[in-house]
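The following exercises concern the secondary-structure architecture of one protein model. Please work through each task before reading its solution.

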Amino acid sequence: MTRRPDTPPTVLIVDDSPTETHILATILKKAGYQVETASNGEEGVAQARALRPDIILMDVIMPVLNGYQATRLLRREADTADIPIIMVTTKDLQTDRTWGLRQGATDYLTKPVDRQLLLDRIRELLDSGAAHG
């Protein structure tokens, strides 16, 4: 699915914390993005398949499917393999970061996420053509 030029990019937030989801959604909406949400990895995979968002923000620690598992599933499917995934998580050890990138994440940010850094990374991915739109 190709996004029309007059439509804002869609960001799918996959996070089981309503507070974190609200914070991220507020930042993104103020920056002009369309926001969709999912509250666990399984729901996130289903939403990604259905919506084909421009970028996914993926938490790691979630029920049902964790962020690593969900990212692996999305990378294995032709329809979702090219969607950039930024892991946004409290897991901040280098081993966590390395593992997340090995699962297929495009980028990895730790919570609490810096607003400007998040927006810069999303913009870079959209501008670089890493986004599938």
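**Exercise 1.** Determine how β4 and β5 pair, and which unit they make with α4.

*Solution.* Step 1: strand β4 (residues 85–89) pairs with β5 in the parallel sense, over four bridges. Helices (H or I, at least four residues) and strands (E, at least two) are DSSP runs, numbered from the N terminus, and two strands pair if DSSP finds at least two bridges between them.
Step 2: within this pair, Met87 stands opposite Tyr108 of β5.
Step 3: together with helix α4 (residues 94–102), β4 and β5 make a right-handed β-α-β unit. A crossover is right-handed if, with the strands pointing away from the viewer, the path from the first strand over the helix to the second runs clockwise.

The model is a predicted one, in which local features need pLDDT of at least 70, side-chain atom pairs count only at pLDDT 80 or more, and totals for chains, interfaces and linings use all residues. Residues are numbered from 1 along each chain as its sequence is written, and side-chain values use heavy atoms, with hydrogens and water left out.

**Exercise 2.** State the strand order of the open sheet and identify its edges.

*Solution.* Step 1: the five strands are arranged as β2-β1-β3-β4-β5, with parallel pairing.
Step 2: β2 (34–38) and β5 (107–110) stand at the edges; each has a single partner strand, so one side of each is left without a neighbour in the sheet.
Step 3: neighbouring strands are turned by 20° against each other on average, direction ignored. Axes are lines fitted to C-alpha atoms, for helices over the stretch in contact, and angles run from 0 to 180 degrees between N-to-C directions.

**Exercise 3.** Describe the pairing of β1 with β2 and with β3.

*Solution.* Step 1: β1 and β2 run parallel and are joined by five bridges; here Leu12 stands opposite Glu36 in β2. From β1 the chain crosses through α1 to β2 in a right-handed β-α-β crossover.
Step 2: strand β1 (residues 10–14) also runs parallel to strand β3 (residues 55–58), with four bridges between them. The bridge partner of Leu12 in β3 is Ile56.
Step 3: α1 lies across β1, β2 and β3, at about 170° to β1. Helix α2 (residues 41–51) likewise lies across β1, β2 and β3, and runs at about 140° to β2. Contact means heavy atoms within 4.5 Å.

**Exercise 4.** Characterise the packing of α1 with α5, and that of α2 with α3.

*Solution.* Step 1: the axes of helix α1 (residues 18–30) and helix α5 (residues 115–128) come within 11 Å and cross at roughly 60°. The two helices are therefore oblique to each other; angles under 35 degrees count as roughly parallel, over 145 as roughly antiparallel, 65 to 115 as roughly perpendicular and the rest as oblique.
Step 2: α1 passes α5 in a right-handed crossing. A crossing is left-handed if the near helix is turned anticlockwise from the far one by less than a right angle, and right-handed if clockwise.
Step 3: Leu24, Ile27 and Leu28 of α1 meet Arg115, Leu118, Leu119 and Ile122 of α5.
Step 4: α2 and helix α3 (residues 67–76) pack at about 25° with their axes 9 Å apart, which makes α2 roughly parallel to α3. Gly41, Val45 and Ala48 of α2 form the contact with Ala70, Leu73 and Leu74 of α3.

**Exercise 5.** Locate Pro112 and Arg52, and give their backbone features.

*Solution.* Step 1: Pro112 is placed in the loop between β5 and α5, and a cis peptide bond with omega of about -5° joins Lys111 to Pro112.
Step 2: Arg52 lies in the loop between α2 and β3; its phi is near 45°, a positive value in a residue other than glycine.
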